[in-house]
Amino acid sequence: MKQNLNMETVQAIKQRFEIIGNDPKLNRAIEKAIQVAPTDISVMVTGESGVGKENIPRIIHSLSHRKHGKYIAVNCGAIPEGTIDSELFGHEKGAFTGATSTREGYFEVADGGTIFLDEVGELPLTTQVRLLRVLENGEFIKVGSSQVQKTNVRIVAATNVNLFNAIEKGKFREDLYYRLTTVEITLPPLRERNEDIHLLFRKFVADFAHKYKMPPIKLEDDAVATAVGRTVQLKAIITPGIATNQAVTWATSDPNVATVSDAGLVTGVKAGAAFVTVTTVDGGKTATCSVIVTTNGIPVSSVSIPASISLQLDKTAELKAVVLPETATDKSVTWKSDKPSVATVSATGVVTAKAYGVAIITVTTNDGFKTATCEVSVEKENLLKNNGFESGFTNWERNWGAEGTDVVIVNTPEFVYRGNSALKVGPGESGRGQIVKDGVVGGASYTLTGWCKVVGTGNSVFFEVMCFNSAGERMKDTNGPGFISTDWNLETYTFVTPPETTEIHVLTYNNAGMTLYTDEWKLTKD
């Protein structure tokens with residue numbers, strides 16, 4: 001009686017989550033999920049790609065006391081290494097370039113619920129350390145913060161790789177493996193579920209019939225099945241066998257789905273359903289065969305990539321496309337950039353920043369032509385050692401003028417200044433600049449580095465550096481190189497101070513018709 005009750009429960013769960021099959025190994029995996037669901041122990045789901053591992057954490061969450069809490073599924077392999085910590089644990093405003101506001105991570109959002117970490121074997125080692133801390137005591141720290149936060153989540157992980165091999169190669173922490181694998185649930189591949197193949201085929205045929213608005217097709221003697229790129233031979237049987245002309249012609253209702261040769265060889269082109277008709281040359285007799293073409297029965301339903309990323313010039317980032325369902329056979333994709341001059345993308349999704357600006361990267365699945373896009377912003381490098389607003393440095397004098405407000409002075413240990421927004425110096429204007437007083441060394445080499453761009457035409461846009469002694473006497477003037485770039489460009493100018501120098505004045509000088517914009521400049525002692 002107990003066994004029957006268990007099987008009834010398993011069947012109900014399979015019906016609820018649309019799981020097809022009666023294989024004993026599949027049933028055992030679902031039974032284990034039902035058994036561990038009421039507890040809070042961590043679970044590792046293993047199995048090859050496409051076996052439906054994502055169903056197990058959904059079952060566990062729905063049958064647990066956390067079912068009214070958040071359920072978040074995270075594909076660890078689809079998140080770039082540089083942003084995975086921010087995605088999982090959140091970040092503070094200003095933690096990195098582009099962090100314009102504080103963001104809650106998945107572990108904070110899912111407090112009281114369940115997190116499913118798919119492809120957990122792809123996590124970087126640094127992230128594994130953070131995850132281990134969550135498993136041990138429920139604590140984590142946001143990126144850019146020093147405050148410890150608490151979370152109460154249940155973690156279900158999944159992998160399609162051999163984590164023992166990863167441990168041996170130093171790519172996965174052994175202590176994390178045992179924390180995650182309190183209970184292991186293994187799902188069998190379809191090739192080990194022979195009795196389920198017919199059930200799955202019937203389901204896929206019904207789905208295709210509904211999708212393409214065709215009558216339901218039964219897999220009987222007058223129907224054949226093939227896969228994309230594969231062939232099946234049809235033979236026409238003509239009666240009586242003594243008929244004088246036994247020649248026939250073949251035709252297909254949809255050559256985009258399946259083609260047929262003059263000899264009756266049917267080739268699958270794309271997933272779908274079609275009819276192949278054979279007609280006798282003598283007498284015009286016909287017969288029809290239903291042809292079901294599958295990509296092993298499982299087409300792509302969707303594809304996703306990060307909505308946006310930020311890159312610095314000449315840097316790269318790898319985008320990973322998440323193709324669903326996981327059981328889809330043809331997960332291959334193609335990549336394209338709408339502005340290759342700003343950012344290019346390789347055949348494997350590696351984005352390279354080429355110039356400042358914004359480009360849209362599009363990924364398209366080869367099966368089903370599903371698409372997703374990512375906005376790539378190529379940004380200027382942040383030159384500052386400290387981005388925060390600081391005060392109290394009376395040894396500096398600010399003299400930028402009306403449009404140079406919100407200039408931040410940082411004096412540790414380099415002489416650094418920047419505008420909260422780009423400083424604008426109009427045509428013919430000069431004398432706006434920064435005066436460095438304390439800490440200046442005479443007879444030393446200094447380098448002025450920063451971003452600028454020029455609007456207008458002319459030839460006299462430059463930075464002028466003046467050196468003064470303690471008596472306020474000007475000892476040396478030197479002009480930096482002329483600026484001509486109409487887009488943001490990194491400029492560098494090096495000069496040597498006279499021995500008696502105690503002050504350095506950095507000013508801009510423009511001629512008529514030109515406007516100079518500058519941002520994030522720093523003065524450093526070489």
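In this predicted model, strands β17, β21 and β20 make up an open sheet, arranged in the order β17-β21-β20 with antiparallel pairing. The edge positions belong to β17 (316-318) and β20 (343-345); each has a single partner strand, so one side of each is left without a neighbour in the sheet. From one strand to the next, the twist averages 20 degrees. The antiparallel pairing of β20 with β21 (residues 350-353) runs over three bridges, and within it A343 has A353 of β21 as its bridge partner.

Helix packing may be considered next. Two packed helices are described by the angle between their axes and the distance between the axes. For helix α2 (residues 24-36) and helix α3 (residues 55-62), the axes come within 8 Å and cross at roughly 35 degrees, and the crossing is right-handed. The contact brings A29, I30, A33 and V36 of α2 against I56, I59 and I60 of α3. Its residues comprise seven nonpolar, no polar and no charged.

Aromatic pairs number six across the whole structure. In one of them, the ring centres of Y177 and Y178 are 5.1 Å apart and the planes stand at 80 degrees; because planes over 60 degrees apart count as edge-to-face, the pair is assigned to that class. Y177 is buried, at 8% relative accessibility, whereas Y178 is partly exposed, at 47%. The rings of Y446 and F495, with centres 6.1 Å apart and planes at 20 degrees, form a stacked pair. Y446 belongs to strand β29 (residues 445-456) and F495 to strand β32 (residues 489-496), so this pair ties together parts that are 49 residues apart in sequence. Both Y446 and F495 are buried. Ring pairs also join F89, F107 and F140 into a cluster.

Definitions and conventions:
Residues numbered from 1 in each chain as written. Predicted model: local features only at pLDDT ≥ 70, side-chain atom pairs only at ≥ 80, totals over all residues. Heavy atoms only, no water. Pairing = 2+ DSSP bridges. Helix = DSSP H or I, 4+ residues; strand = E, 2+ residues; numbered from the N terminus. Axes fitted to C-alpha atoms, helices over the stretch in contact; angles between N-to-C directions. Left-handed = near helix turned anticlockwise from the far one by under 90°. Contact = heavy atoms within 4.5 Å. Nonpolar A, V, L, I, M, F, W, Y, C, P; charged D, E, K, R; others polar. Phe/Tyr/Trp six-rings, centres within 6.5 Å; stacked < 30°, edge-to-face > 60°. Buried < 20%, exposed > 50% of the residue type's maximum accessible area, 1.4 Å probe, protein only.
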